[in-house]
Amino acid sequence: MIDSLKNKEQIKILFVCLGNICRSPAAEGMMKAVVACGGDESRWIIDSAGTGDYHIGDLPDYRMRAHAQRRGLNLTHHCRQVRESDFDNFDIIIAMDASNERNLRRIAPTPEAEDKIMQMSCWFDDSVTGYDYVPDPYYEGAEGFELVLDLLENACANMYKALSAK
Ligand code: 4NP
C-alpha cells in the first residue's frame, strides 16, 4: 500500500479514534502541521472522525487543545462520526488502537475498504518503546495527553517521510 501511495498526486488520510475529541483531532492537527512545514499542503487531504457518536459537533477536549497549543497546534476540528463513504473518500484510514481498528473493520463495506485500515503504531520508529497503540487519554492526567502528542509526533514525521519519498 505504501508504495502505491508514494506515487499518488494526492494522498487522503483519515485519522480515527473513539470520541474524535482527543487522539484523532490531535493527529489531524499534527499531520497538517508536518505537511505545512514540508510546503506541500495541496498534495494532502487530512481529516479525522470517531467511531462513537457521543460528541458530534464538539471541538476537541479542552485538555487536548491546551496541550496541543503548547506545541503550536491550534485544534479546530469539529467532531464527526465515521461514515461508510469515508472508505471511498480516503486512501488510508488510521486507527489509534486495536479497538478502533475492530470497530472500523465492522463498518467497512467491502474487503477493499478494509484494506485501507491500519494502526497509527505502524508508523512508530524504534525510539518508541512500550507502546504499540496510541492510548486513550480521556481518563488520564496531563501526562496521558503529553504521551499521546509524543507518539503522534513520532508517527506523523515518519509517515510524512515515507509517503513523500519518490
Ligand atoms: P478519543 O478519547 O477517542 O481519543 O477522542 C475519548 C473521548 C471521549 C470518550 C472516550 C474516548 N468518551 O467516552 O466520551
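Author: By class, 8 nonpolar, 3 polar and 2 charged residues form the lining of the largest pocket (Ala, Val, Leu, Ile, Met, Phe, Trp, Tyr, Cys and Pro count as nonpolar, Asp, Glu, Lys and Arg as charged, and the others, Gly among them, as polar). The model is predicted, so local features need pLDDT of at least 70 and side-chain atom pairs pLDDT 80 or more, while totals for chains, interfaces and linings use all residues. Residues are numbered from 1 along each chain as its sequence is written, and side-chain values use heavy atoms, without hydrogens or water.

A pocket is an open set of points on a 1 Å grid over the protein atoms alone, where a 1.4 Å probe fits, with protein on both sides within 12 Å along at least five of seven lines; lining residues have an atom within 4 Å of a point. Of the 13 lining residues, Leu18, Gly19, Ile21, Asp136 and Tyr138 lie nearest the centre of the largest pocket.

The ligand takes up the space of this largest pocket (more than half of its atoms lie within 2 Å of the grid points). Among the residues surrounding the ligand are Cys17, Asn20, Cys22, Tyr54 and His55 (each has a heavy atom within 4 Å of it). This shell comprises 6 nonpolar, 3 polar and 2 charged residues.

Polar contacts (pairs of N or O atoms within 3.5 Å) also join the two partners. A ligand oxygen lies 2.8 Å from a polar backbone atom of Gly19; a polar side-chain atom of Arg23 is 2.8 Å from a ligand oxygen; and a side-chain N or O atom of Asp136 is 3.3 Å from an oxygen of the ligand. The protein buries 91% of the 350 Å² that the ligand exposes when taken alone (Shrake-Rupley method, 1.4 Å probe).

Definitions and conventions: Polar contact = N/O pair within 3.5 Å; in protein donor to acceptor, adjacent residues only side chain to side chain.
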